[in-house]
Amino acid sequence: METSKKLPADPSAPAPSPSGDGAPSRLVKGNLSFHDITEMVSRHAEKKAPLAWYVAFSVALSGTMLLLGLLAYVVWNGIGVWGNNQPVGWGWPIVNFVFWVGIGHAGTLISAILFLFRQHWRTAINRAAEAMTLFAVMCALIWPTFHVGRVWAIYWTLPIPNQMAMWPQFKSPLLWDVFAVSSYFLVSLVFWYVGLVPDLATLRDRAKNFWRQRILAFFSLGWTGSNRHWRNYEKAYLLLAGLATPLVLSVHSVVSFDFAVSVIPGWHTTIFPPYFVAGAIFSGFAMVVTLMVITREIYDLKNVITLDHLEKMNIIILVTGTIVGFAYITEFFMAWYSGVQYEQYAFINRAFGPYAWAYWIMMTCNLVTPQLFWFKTLRRSIPVMFVLSIFVNIGMWFERFVITITSLHRDFLPSSWGYFTATWVDIGTFVGSFGLFFTLFLLFLRFVPMVAMAEVKGVMPQADPHYHEHGGNGHAEGDGEPYIKPAEPALAEAHRGNGAEDTEAPST
Amino acid sequence: MPTLVQDLKARLGIFESDADRVYGLLAEFSDPGALLHAAEAVREDGYQHFDTHSPFPIHGMDEAMGLGNATGVGVLAFFGGVTGCVGAYLLQWWTAAVDYPLNISGKPFFAVEPSVPIMFELTILFAAFGAVAGMLALNGLPRPYNPLFYSERFKGATDDRFFLHIAASDDQFDVEESAALLQRIGAQHIELVKDDGTMDA
């Protein structure tokens with residue numbers, strides 16, 4: 001398949017869009033039929049995983065074990081084993097929470113907002129990005145849960161009658177956060193699952209093993225691809241996209257209220273909600289790029305997740321990174337313009353105080369390096385985008401570090417100033433949360449169709465009912481009997497040999 | 001004549017077998033376009049209990065089958081959203097002003113402004129649940145048993161094959177005549193699906 005992936009890039013080959021209104025360039029490269037898509041995606045959930053998967057999984061699982069062990073240690077000893085203390089009561093746990101929630105936002109953005117804007121290129125990556133959302137939000141929820149100190153009392157944050165006959169404090173932004181993040185998780189979960197149902201039915205119909213077939217039949221709910229069902233399904237999907245869009249924008253706004261509603265210098269600003277949302281999308285897209293670069297390489301999905309997809313994501317990284325950088329500068333301006341001594345000091349202290357190193361890492365990784373994506377060759381280069389996307393997430397973690405730590409460590413009274421240092425438990429739990437994230441993501445790659453097959457088929461030119469009036473039938477050769485073709489390089493060569501005039505699907 | 005309940009179930013894509021346990025005729029078509037024209041032809045011939053099956057939604061199929069706009073899901077999502085919004089308001093008002101009022105500097109026990117974020121979140125949450133539960137209910141899902149699953153070829157409906165199914169519960173259904181119609185409109189392969197698991201090609 002690698003041999004054929006450059007085929008449509010040949011400028012002499014006209015875009016195969018006989019009805020004239022199709023997309024100018026194809027989203028799926030290399031003349032694939034519907035069955036090829038099924039085959040390319042499903043086989044990874046059916047055959048044995050490659051060796052690289054086992055290696056990655058064992059590393060990730062060790063990280064998860066580290067996380068579980070250290071969380072037990074934290075519960076046993078109290079959260080003082082983290083570096084949290086006076087004056088910095090919100091240390092790494094809150095930094096990590098905001099970091100992970102932010103990562104999640106890209107998945108919803110890709111699945112909901114790009115759906116509403118009819119960006120068909122999203123179909124190749126939305127499934128994996130949504131899965132990433134779910135796993136990132138799970139990683140995020142760990143931190144506030146354990147940061148409350150008495151994890152067994154976490155249900156007090158929910159309006160459940162308890163032995164104290166007291167209710168949660170609904171006027172607190174921290175409680176809004178509980179509702180925002182848990183609603184976000186539940187809506188993302190049903191959105192993801194609804195999208196999965198037709199693909200699980202595909203796996204069910206391919207299943208050879210009795211129990212595998214039964215389990216998939218349970219989760220695919222008896223889906224038959226009936227048009228009477230597609231009709232309501234598409235409506236529900238559209239509504240979910242419409243609902244998830246304001247939700248995702250609200251979640252990070254509510255997270256920013258945790259800071260902005262307080263009176264701490266450096267936190268008490270109205271710019272926080274939009275600035276947090278832009279930062280969340282920025283970091284989330286960077287994480288999607290990091291993961292997709294690896295996934296398409298290992299799972300041979302270069303025809304489905306193409307360089308064009310990655311380039312589009314890099315453009316979004318460039319745009320949101322610039323917005324975030326603009327917000328940093330605006331914050332400085334507002335601090336000066338406000339005339340408030342404490343606010344001005346908070347910002348001077350950020351850039352030139354004891355945490356200046358963190359501030360300049362943030363500035364470099366978020367504002368400076370993404371600007372390289374202005375160059376087309378750089379944003380289409382796999383090694384460059386891989387490194388830059390990791391830089392972005394380093395920068396975004398430091399952004400939350402700067403906001404949380406520098407504002408707390410020196411507030412109004414110099415007598416209560418201090419310097420925060422992380423402990424080995426801070427580092428261990430944070431590393432462990434990556435372990436949990438990758439464990440879940442690898443399990444997803446192993447057992448769930450990682451590309452939304454039904455959606456990809458729906459945006460292929462053959463899916464247009466008028467396409468076939470010009471010949472070609474959507475199947476490859478034969479009468480639709482199962483066959484396996486794409487793995488054979490000889491056939492790919494044959495396609496190439498047919499040259500530029502081979503613009504239609506292989507006909508009967 | 002199908003009863004009202006049978007007609008309602010048919011709108012969900014659930015058809016009843018006839019006295020001989022015949023579920024219907026399953027015809028395979030070559031591509032989305034052929035299926036679209038076939039659905040049009042079958043509807044113009046007067047059939048009502050029929051359905052098409054495809055690996056992805058086909059643009060224009062709702063019109064071809066004469067189904068009209070699907071409004072049910074939207075209505076249910078709307079009521080879900082209203083439930084969430086009103087529920088969040090009542091929850092915050094009742095807990096703060098009625099069940100456990102706290103007098104803080106003589107301020108009012110309850111105010112709308114700080115209640116907005118949770119009202120917003122629960123509106124979205126319940127609207128999403130309404131949309132998904134409504135979609136499943138209106139589709140008659142989950143539906144573990146479906147006689148169409150007896151067909152081996154039908155497994156391709158989630159891969160790359162396109163089927164039209166005329167149900168035996170339709171008034172006009174007649175094995176010979178319906179099969180002839182399907183043949184005429186270009187079906188590549190026709191089989192008779194029975195509820196007891198047997199099959200006639």
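How many residues does helix α2 of chain A have, and what distance does α2 reach from its first C-alpha to its last? Helix α2 (residues 51-77) of chain A has 27 residues and reaches 39 Å between those two atoms, close to the 39 Å expected at 1.5 Å a residue, where the expected span is 1.5 Å times one less than the number of residues.

This is a predicted model, in which local features need pLDDT of at least 70 and side-chain atom pairs count only at pLDDT 80 or more, whereas totals for chains, interfaces and linings use all residues. Residues are numbered from 1 along each chain as its sequence is written, while chains are lettered from A and ligands numbered from 1 in the order in which they are written.

**Confidence**
- The model scores ipTM 0.89 and pTM 0.84.
- Chain B has a mean pLDDT (the predictor's confidence in each residue, from 0 to 100) of 83, and 96% of its residues reach 70 or more.

**Helix α2 of chain A**
- A:Ala60, A:Gly63, A:Leu67, A:Leu70 and A:Val74 are buried in α2(A), buried meaning that 20 or more other C-beta atoms, placed from the backbone, lie within 10 Å of the residue's own.
- The cover over the buried residues of α2(A) includes α4 (126-147) and α14 (424-447) of chain A.
- Just after α2(A), A:Gly78 takes a positive phi of about 95°.

**Helix α1 of chain A**
- Eleven of the 13 residues of α1(A) are buried, so this helix is largely enclosed by the rest of the structure; among them are A:Phe34, A:Asp36 and A:His44.
- The buried residues of α1(A) pack against α5 (173-206), α14 and α15 (453-458) of chain A.

Terms used
Helix = DSSP H or I, 4+ residues; strand = E, 2+ residues; numbered from the N terminus. Buried ≥ 20, exposed ≤ 12 C-beta atoms within 10 Å, placed from the backbone. Contact = placed C-beta atoms within 7 Å.
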